[in-house]
2 protein chains.
Amino acid sequence: MLKSCVFIVCYITLFQNILCAQENKQETMQKTYTEFKNNARKIHTLSSMESLLSWDQQTLMPPGAADDRAMQLKLQSGTIHQEFTSDTNKRLLQQLIDLQTGRILFTSATEEQKANLKEWRRDLLHATKLPNAFVQEFAEITSKAQESWQKARNNNSFSQFQPDLEKVVELCRQKAEYLGYKDHPYNALLDLYEPDLTVQKLDALFSRLKPALIDLLQQIQKRPSINNSFLFQSYSKTDQWDLAHKIMEVMTIEKRYTRLNESAHPFTSAISPPHDVRITTKIEENNLSTNLFAVLHEGGHALYCLGLPEKYIGTPLGESVSTAIHESQSRLWETIIGQSYPFWEFFYKTLQTMFPLQLQEIDLEHFYQAINKVDPSFIRIRSDEVCYCLHIILRYEIEKALFEKSIEVADIPRIWNKKMEEYLGILPPSEDLGCLQDIHWSFGDFGYFPSYALGNMYAAQIFDTFKREHPEWEQHLISGDLHQLRNWLQTKIHRQGRFYTPDELIKNISGKELTEECYIQYLREKYAHIYHL
Amino acid sequence: MLKSCVFIVCYITLFQNILCAQENKQETMQKTYTEFKNNARKIHTLSSMESLLSWDQQTLMPPGAADDRAMQLKLQSGTIHQEFTSDTNKRLLQQLIDLQTGRILFTSATEEQKANLKEWRRDLLHATKLPNAFVQEFAEITSKAQESWQKARNNNSFSQFQPDLEKVVELCRQKAEYLGYKDHPYNALLDLYEPDLTVQKLDALFSRLKPALIDLLQQIQKRPSINNSFLFQSYSKTDQWDLAHKIMEVMTIEKRYTRLNESAHPFTSAISPPHDVRITTKIEENNLSTNLFAVLHEGGHALYCLGLPEKYIGTPLGESVSTAIHESQSRLWETIIGQSYPFWEFFYKTLQTMFPLQLQEIDLEHFYQAINKVDPSFIRIRSDEVCYCLHIILRYEIEKALFEKSIEVADIPRIWNKKMEEYLGILPPSEDLGCLQDIHWSFGDFGYFPSYALGNMYAAQIFDTFKREHPEWEQHLISGDLHQLRNWLQTKIHRQGRFYTPDELIKNISGKELTEECYIQYLREKYAHIYHL
């Protein structure tokens, strides 16, 4: 009895010791987590400087400073990579999460901490899988390819770009091998932009989306064309500049945290979100749409960055989840809102007042039709909503084939033109209006294009949920209240950071995984009305 | 004989070995020099990012990003200090130059390399003499003092600023002790901005300059006042913006390497000289002078930075030599050129064409008199040429006394007002127009103000040499050719970097050390003409 008692006491003590050791271990983990988080915050601050360097380069930098800026950017990106992949950083993270398997070791961590660990692991694996020598070679080759692309496009000659593009594709094939993949090498690249995206998923989506879009386009093309020539009158730069700021205000973008500049290609720069998010626009005197929809598009990106949760800044939970979800926000504001009838019921009078000479004779209905005119364009970025995803599908099919090695770089122009005719019914008269139009491939950004199409589908599915949750949405929009939508998007998406994967996020919001259905339905209804189909 | 021969051969061999060893040592030194230079180049690149962060903060940054920016700046300045004062860096430099004595060890270095070593040593000693804990405390205290100064100025109450200023002064006294000095603690601070500047030198200069200026001012005040009210009519911002760019063009400032923005206080930012040097201006609708002379002033600073020798960038020979020489360049363009009769003989017609309503009735002579009107102002930065240095001497005398401990911070308002009456004959009606007007002390920038006075004296002595070397200078100016002057300044000053000390530089240019004589003579002649003395 006594013996047994002693045994029990011993056992309890042992158990307490184990518990206590575990507690101590978890306390140490908490410290390790804080240490890793502080490093991450420092790296985040370094990245914000890199963003400023890059923003300035594309907006205001004197042209003579190009070489100096390249040197600054190279140093900064090198430092960031070095700091993030340092042995110290790896060692710290390995104590909190098993880098091999992804098993969380810091078991008493909060759900938020666990989500951060999971995403930090993901980033670290991506960053360390590519050998340094490869990263440097990639930077060099793509830097040359960008110059070569610029020249080839100016000279309208794909063959001038071909040798450099071949090198880039070869490097991207190697990159896929380094990163590793299941089923298809292209999956490795897709996953860089859109976590867990695969060829299998895209094939399924696009196989249904493509015929639906081609069918809708062909129906529209049987209808009389819309006259939108008034959009191409002279609209003064100063007034367009004011318009851009009015649009930003309407979109509920806070002046305190943002600014607008001009650049050759509009973009959003999240220098230090949510406190410093800048957008740019392009103002063309003879095209009202360029600036108008650039601001709506970039403004959508900006609202995402401005809605990121302040308390998680410097960790994955303070970052946007994927390029496609980002694109869903820009396209939602640009097209679903910015090219909608209720928005213009609210804003058209303001626009008419700003440009009376050009618009006083144009009624709301005509204006609405004009900004939604469907007319296949050779150029992706000038494309209407119906044609846009067909441009993307074309690029996706070419990229996928390149990584399956079922085609080679030399085949691109021929395949490009064939698909343009097949999907959009037009044949590019020259290569600068065809396969040379986009800069992405020269950067080595294979796997990026699909995000654009996904963005549109996400946007439609997200907005479908919003409408169901807020049946009175149209009245808000007509009265100029865009806070309702912004707040909803903020709660559902922006504030989530990278807590969920894109797949989880869309399921949380809409109750189902991403499909093309909402998008097709949205287009069919909208264009049935516009074109009296 | 044989023995002796062997001895000689041995001796020669030994001598050759020594020579060879020395050569090897010097070869190693060359490698060490290159290694140190590469580190310096990296630090220079880090500094250029810091400059961009700071430029952006003062021009375009959304106000909500202030805290983020402070964090970015703190990280960057910390990194720069850390890298520059690292053990590796110290060890490398110590191999090339004795850090204690300044004796060059890399004896086979070129003259340029030796000059760089001397200046790097100077910088390293400055950077390492202050303990880290002190640097951090200094940053914190001055950061708070800036806020407190801002509030105190707004509330027009020195006593609100006094406790913080007392802390700053105490820290600056400690700083002087850390840095070390001969004769006077204030010398340690002066030397930070102007190498080798001492109280002794300044006392000598100012003891002659002060009575001469007071005498000239009193003579002028006996003459009828000039009516300059037309300068305060309405001048549209857009037209003033165009004027600023025209002035920059006339000054031969290359568009390729610069840009103009607006800011609360005009400044020049040498982000990445000579390829990225930006200036700002302030445009006031009801004051033509503000923008006009801001651009001439900052343009002068910019020309210095744009003239720095490209091949030495990242080393001291690629940097400007001192704040006073920098100020000589800005004041030369702003006052000696920009407020000269021949310049306006060339440019006044252009100005009249830009602002016909305001200027068509004003003839050149009247315009020239108006921009040179002498009228004591409470505010230093709005001061005319005759009064300007009296503002500086007042500040110098207060600073010197603070570091001699012959006065305390609490005495400042009383002494300030007393000296204002004595030197300029006016009594500030409030402290915001008196001792609270400048931000410098809140930064802890004691020792900086004298540079402004020296800048004027340097400018006059430099320009005196230019005129003697180019007696036809006036014709060039009247015909709008400012290349002649710019090229001369570039050769004599800008291209020299920090090869010479300021003392050596002025002797090389003008054949004598800096005195107040040229400046007094310049003012007497100019204002004798304007005021018919």
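Two strands count as paired if DSSP finds at least two bridges between them. In this predicted model, chain B holds an open sheet of 3 strands in the order β1-β3-β2, with mixed pairing. Chain B can be laid on chain A with an RMSD of 0.1 Å by a turn of 180 degrees and a shift of 0.1 Å along the axis. The two copies are thus related as by a two-fold rotation axis.

**Sheet of chain B**

- β1 (258–262) and β2 (268–272) of chain B are the edge strands; each has a single partner strand, so one side of each is left without a neighbour in the sheet.
- Between neighbouring strands of this sheet the average turn is 25 degrees, direction ignored.
- β1(B) and β3(B) (residues 276–281) run parallel and are joined by 5 bridges.
- Within this part of the sheet, B:N261 stands opposite B:T280, a residue of β3(B).
- Helix α10 (residues 288–306) of chain B packs on the sheet and touches β1, β2 and β3 of chain B. The direction of α10(B) makes about 165 degrees with that of β3(B).

**Relation of the two chains**

- The superposition of chain B on chain A takes a turn of 180 degrees, and in chain B the C-alpha nearest the axis belongs to B:M49, at 3.8 Å from it.
- The same surface serves both copies, as 100% of the contact residues of chain B recur in chain A.
- In the interface, 25 residues of chain B are in contact with 25 residues of chain A.
- On the side of chain B that touches chain A, α1 (2–59), α2 (66–84) and β1 of chain B each supply at least two residues.
- α1(B) gives the most to that side, with 7 residues.
- The side of chain B that touches chain A has 11 nonpolar, 8 polar and 6 charged residues.

**Helix packing**

- In chain A, the axes of α11 (residues 323–337) and α18 (residues 449–469) come within 7 Å and cross at roughly 65 degrees. The crossing of α11(A) with α18(A) is right-handed.
- From α11(A), the contact residues include A:T323, A:E327, A:R331 and A:I336; from α18(A), they include A:S451, A:Y452, A:Y458 and A:F463.
- The residues of the contact of α11(A) with α18(A) divide into 10 nonpolar, 5 polar and 2 charged.
- In chain B, α15 (residues 385–404) and α18 (residues 450–469) pack at an angle of about 145 degrees, their axes being 8 Å apart. α15(B) passes α18(B) in a left-handed crossing.
- B:Y388, B:C389, B:I392, B:I393 and B:Y396 of α15(B) make this contact with B:P450, B:Y452, B:A453 and B:N456 of α18(B).
- The contact of α15(B) with α18(B) has 8 nonpolar residues, 1 polar and no charged ones.

**Loop residues of chain B**

- B:Y235 sits in the loop between α8 (199–221) and α9 (237–250) of chain B. It counts as buried because 25 C-beta neighbours lie inside 10 Å, the cut-off being 20 or more.
- Not counting residues up to four places away in sequence, B:Y235 touches B:Q240, B:E285, B:L288, B:F355 and B:Q358.
- The C-alpha atoms of B:Y235 and B:L357 are 122 residues apart along the chain but separated by 9.5 Å.
- B:G102 lies in the loop between α3 (87–96) and α4 (111–129) of chain B. With 12 C-beta neighbours inside 10 Å, B:G102 counts as exposed, since the limit for that class is 12 or fewer.
- Leaving aside neighbours within four places in sequence, B:G102 is in contact with B:I97, B:K118 and B:R121. The C-alpha atoms of B:G102 and B:K118, 16 residues apart along the chain, are separated by 6.9 Å.

**Backbone geometry**

- Most residues other than glycine have a negative phi, and most peptide bonds are trans.
- The peptide bond from A:P273 to A:P274 is cis, with omega near 0 degrees; A:P274 is in the loop between β2 (268–272) and β3 (276–281) of chain A.
- The bond from B:P273 to B:P274 is cis, with omega near 0 degrees, and B:P274 lies in the loop between β2 and β3 of chain B.
- A:H532, in the segment after α22 (517–531) of chain A, has a positive phi near 50 degrees. With 8 C-beta neighbours inside 10 Å, A:H532 counts as exposed.
- B:N156, in the loop between α5 (132–154) and α6 (158–179) of chain B, has a positive phi near 55 degrees. B:N156 is partly exposed, with 14 other C-beta atoms within 10 Å.

Notes. Residues are numbered from 1 along each chain as its sequence is written. Chains are lettered from A and ligands numbered from 1 in the order in which they are written. This is a predicted model: local features need pLDDT of at least 70, side-chain atom pairs count only at pLDDT 80 or more; totals for chains, interfaces and linings use all residues. Helices (H or I, at least four residues) and strands (E, at least two) are DSSP runs, numbered from the N terminus. Axes are lines fitted to C-alpha atoms, for helices over the stretch in contact, and angles run from 0 to 180 degrees between N-to-C directions. Two residues are in contact if their C-beta atoms, placed from the backbone, lie within 7 Å. A crossing is left-handed if the near helix is turned anticlockwise from the far one by less than a right angle, and right-handed if clockwise. Ala, Val, Leu, Ile, Met, Phe, Trp, Tyr, Cys and Pro count as nonpolar, Asp, Glu, Lys and Arg as charged, and the others, Gly among them, as polar. Copies are superposed by least squares on the C-alpha atoms of residues with pLDDT of at least 70 in both.
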